[in-house]
Every structure is written in structure tokens, then in C-alpha cells.
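This report describes a structure in terms of its surface, fold, nonpolar cores and chain contact. The sequence and the structure are shown first.

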Amino acid sequence: MVTMKQMMLVIACLWLFGCAESKTETVILPFSLNFEGQEVTCSSALQVNALTLYIHDLALQELSGQWQKVELDNALNSPWQNESIALLDLAPCQTNQMGLTSVVMKVKPGQYRGVRFRIGVPEALNHQDPQLARAPLDINQLQWHWTVGYKFAYFDLAWREQTVKHHLGSSGCVGNIGDDIQCKYQNRPEIVLPSYQLGQPIKLELRQFFTELPHARCFGKPQDKGCDTLFNLLGLQDAPQRIFRLGA
Amino acid sequence: MRRFALSFALCLGLLALSVWSWNKQQSGQEQQALAELGRHLFYDKRLSANNNLACSDCHQQAYAFADSRRLSFNTHGKAGRRNSLALFNLASYDSFTWANPLQTELAFQALIPLFSDDPVEMAASEIDVLAQNLTLSQYDYAPLFNAAFGDTEISLTRITAALAAFQMTLQSYNSPYDQYLAGNKQALSDEAIAGMVLFESERLGCRRCHGGMNFNQTLDAQGRVQLNEFHNTGLYYSDMGYPESDLGLYEVSFEQSDNGKFRAPSLRNVTLTAPYMHDGSMAHLAQVIGHYSRGGSLNLKGVQGDGRLNPNKSELVSGFGLTEQEKNQLIAFLAALTDSKFIQNPRFSAPNEQANAKLR
């Protein structure tokens, strides 16, 4: 028999839980593509055949300078994200969308001055058996089977006579499947954008991918000519990243 | 009382034994059903994007499951960059493919030809579409999946497990050489025996990289088997080093010293698996022997440079003198490693559509 006391306890619990929930608000973080400062659309001179990114470790910087880890909200039960990792698909006008164009952050109300996130799949998930992986890591096209990992970022771009095709992921790996796999090059760039205000969108400026190479490729092999530009733009070398910026 | 206890224990033991053997038989049957499903999938072109390429197109039984072409072609008719490897006695390998020590599981490895986009091979669809496509196959998969898994659900894990199970059944140990070792002294000609002596000799040193029952294991100075060994055999050494189209193990490991290293494949059925080397650059065994005799190749495939001078070249490829007669003897021995029963075994052949239809 349920006593009054027990009922009260349940109600109190629910109330407390609900209260804890309401301590965060949801804020949308949209992503989009720019080319020479202009928004990329279906009719842009730049053709985006594919552009996907895995992102994780999202955090906001408080005015004090302290970084607050941010969980992703998945109220809509999207197949392209879970609480900790999201798959972005930023190619415009697609028939088969393979990811999100924005993520929903669970944010503690307050003022912030910066946002940061990491591109890639966290190490703990990167070498799992992809056949058993849960969304959004269950997509064959983004699994990098020959390195037993994932394509953290996937670029397939064309402009005028030039093409850019990049697969970014951890490389130089040794170990056994199902056991421990260690990689010499993690290749998970951290993107830090200062002076961020809640609600601001993030833009990727793609013009810089087109260099003097007519067909730039980085498919994770040491001889690939396009890797230097890719790594440099993403801030994997000594200089900071030059792709991501905050929009108005 | 004691007798009772004894017979009770005996009964219990017998019972356990029969349960154990029933289980074993049961799991044996499951394994068989899994391999049989895998055989159908292996021969099914519907695993590829254009329904025109099966595993068996690049791994043909007549060539010991290699394909006789210099390079294999993908579902779009485009040549890849490597020569198809033969498939047999796969348990004797620590890893699969030409130069990737990460590929230690056959089921996982199957994902590469199915889904790779660099290079594109079969370009299979995501599993929902693939499963749909398999329902249009000439083979009826429902009873096959049912026999292997107890229900008819088609999943990627099941497909790759079945493909792996079938490939593990490809056993080839019935060459004239095996018959000779088993006591049939008539199985090898005198010429082949002379070739065997040369093959085993320190002078030629073939066994250093082609050791063990399957001629694919590297042995160290003490004769111990080394795992996952890859070698640069001095095929190329141009101004660029190795041709950039394929740098072998270096592409996976990012270790400069691995540049140009590839696996030492088994020499069983070697007369069936021409052309040779990771890039199919050698058409005949005589050319391969010439390469090892010289200790490296000069201007192979028109790539200027002397592979003998490649700084990454294995010290085991040091060259040896060989007369024309000895060369022929060596070839006669290598030919005696061919298992003609293996390439005719109907258990490994394309499944019969009609036989399958009767199952329904």
C-alpha cells in the first residue's frame, strides 16, 4: 500500500528533478559554409559534393575564463548525434542528408565569452567494432576501415578546374582490432573561438582549401600532397586554425 | 553403495560427454551453415554497387582465389593499385591484405573491399539498401540465414561473419609436395626434388621469408617464427624512392623504414597466382627468381633506378648465383606446390542456383 509519506516523497523527487532540469536552457549552435565571405548555396561557384564533421568535447567559456563542458541536447532523437558527439553535414541542397547543420547545447544561463570543440571521434570510440557502433558512428561511409577508425572530417569540393578531397582521421596506428590500438597522429583539432555570444553561428571559410595544387588530396597516407594544407588550416601544425570563425 | 556411486559417476560422465559431443556437433553444423551462407555471398555480385562484382571476381577458384590480372578492377571498371592476393590456409596469417598489420580479423577486413572509397572497390550500399538488394539475388538467402543464425535477418555483422567463415574453409594441403612429405616418394620428379634442395638451401635462403608449412613465415636466425613481418625486396629505387602510388606498410605505420615493405605471401599454388608482387609487376616465376637472384630489380616496369640499392631493402634479399638448370629445378619445385584438387573442389565453387532452388 502506498502511504501518503511515500507519495510525498515521489512528488518531492519529481519536483527536485524537474527543478534540476530547468537549470539549463537550450541554445542552438548553427554551422554553415562560406566561400570568399559569401554564404555557400546550391548555385555557388564552389561545388560542395560532401562535407561532414564529427564534433565532440563542446565547451563554453565563462566570463571568469573558466571552461564549462556542454552536453548536447537530443530531445528530437536525431540519428546524427548522442549526448557527447554530433555529426555535421554541411553540404547545401542535398537529397540525402547525412548529419546535422546545427547542434543544440544544454547551457547554464549566464554570460559567456568563448566556445570550443574538438573535431573527431573520441579515442575511446575511434577503434571500436564499427558494426556494433551506435549512432552517429554507425555509418559505413565515414568508417575508415583500413585504419580501423573514423573519418573525422570529410571534404569533397570542386571550384573551377580544381578539386579538394580530404579524409581526416588518426593515422600511423598500430595494434590489434578489439584490443588496444595506438596512433602516432591523433589528428583531432581543437577549435577555439573567443568572443562568442550565445546564439552566434559558426562559419567555415573554404576558399583557403584551394591552393596551387590542382587536385589537393589528403587520404591519410604519408605521401598525400594535400595533407599539409589541410593540417595547417585546421591548426594541427604550429599555427592556429584558419577555417572556423564566428558569424553575425 | 560404492558400486552405485561408481555407476552413477559413469552415467553422469557419459551424459556430459554426449551433451558435449552434441554441442560440438551442433556448433560444427552451425559453422558449416555459416560457411555455406558465406559461399553464396562470396559469389554474389549483388554485394557491389552496380551488381557486377562479387568477391569471387577478384578471387577466382581457378587461380587459387587470386585473379590472374596484374591489377584488379572495381565495380566501375577501374583498375586498383594492387594485385589480388590468393585465398587459402588463411589461419596461417597474422594479418590480411598486402601491407596492413591492423587487419587481424577476416570478418572486419571484408569491410574494406565492401565499403572503401580509396580506392573504390565494390562500393556496397549501407546495410538497409544492401539487404534489400540481396532479396533480388539469384540465391534465396532466407533459408541460408535461417540455417546459420536461426532467423532470416540480414545484418552486416552476419554478412561479414559468413564471408570470413567461408574463407576459413579454403584449405589447400594436397599438392604433390604434401604427398611427397606424407611418404609418396613418386609424387615429386627428380627435377622437383633437386629444386626442393635448392629452395631449402642456405645459399638461396628462400626459407628466410617463406618459412613454415605455408611458405609465408619469416624465421629469425634461430629458426623462430616472426609474426607480422613485411619486407622491402628491392623492387624499386628511383630518385623518389619507391613509386608514390603505393608505399606499402609505411602508409599504415608512418615509419620511414617501412617504405616499400609488403608481406611475403604463401608460395603454395604459386604457379596459379601469376602475375606476381603487390603490383603484379612480374609476369613469370622466372622473372621473380631472376629478381631475387640479382638481389633487386633494375628499372622494373620502366621505373628508372636500381631496387638493389634501396636503403630499406631487407638484408635477407642478398642475391645468389643460379645456373639455368638450377633455375628450372627451382621452378619445377614451385610447380609441385600446386594443389589441383583445391581448385576443383566443388565445396568452394559457385553455388548451384538450381540446387538452391530445391531447398525452397
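## Surface and charge of chain B

The accessible area of chain B is about 17,200 Å², of which carbon and sulfur atoms supply 55%; such areas come from the Shrake-Rupley method with a 1.4 Å probe, and for residues only the protein chains shown count as cover. Chain B carries 29 positive and 35 negative charges, whose mean positions are 7 Å apart. Lys and Arg count as positive and Asp and Glu as negative, with His and the chain ends not counted; a charge is placed at NZ of Lys, CZ of Arg, CG of Asp or CD of Glu.

This is a predicted model: local features need pLDDT of at least 70, side-chain atom pairs count only at pLDDT 80 or more, and totals for chains, interfaces and linings use all residues. Residues are numbered from 1 along each chain as its sequence is written, chains are lettered from A and ligands numbered from 1 in the order in which they are written, and side-chain values use heavy atoms, with hydrogens and water left out.

## Fold of chain B

Chain B contains 13 helices and 4 strands, which are DSSP runs (helices H or I, at least four residues; strands E, at least two) numbered from the N terminus. Its C-alpha atoms fill a box of roughly 75 × 60 × 40 Å along the principal axes. Of the 360 residues in chain B, 49% are buried (under 20% relative accessible area, with exposed over 50% and partly exposed in between; 1.4 Å probe, protein chains only).

Leu267(B) lies in the loop between β4 (262-263) and α11 (285-294) of chain B. With a relative accessible area of 13%, Leu267(B) is buried. Beyond its neighbours within four places in sequence, Leu267(B) is in contact (heavy atoms within 4.5 Å) with residues including Phe199(B), His210(B) and Leu337(B).

## Nonpolar cores

A nonpolar core is a set of buried Ala, Val, Leu, Ile, Met, Phe, Trp, Tyr and Cys residues joined through side-chain atoms within 4.5 Å. The largest has 63 residues, and Leu53(A) and Phe244(A) touch the most other members. Strand β3 (residues 47-62) of chain A gives this core its largest share, 8 residues. Apart from it lies another core of 55 residues, among them Leu37(B) and Phe88(B).

## Contact between the chains

Chain A contributes 30 residues to the contact and chain B 26 residues. Between them the chains bury about 2,600 Å², 53% of it on carbon and sulfur atoms; buried area is the accessible area (1.4 Å probe) that two parts lose on being put together, summed over both. In chain A, Gln131(A), Trp146(A) and Ile177(A) lose the most area to chain B, together 25% of what that side buries.
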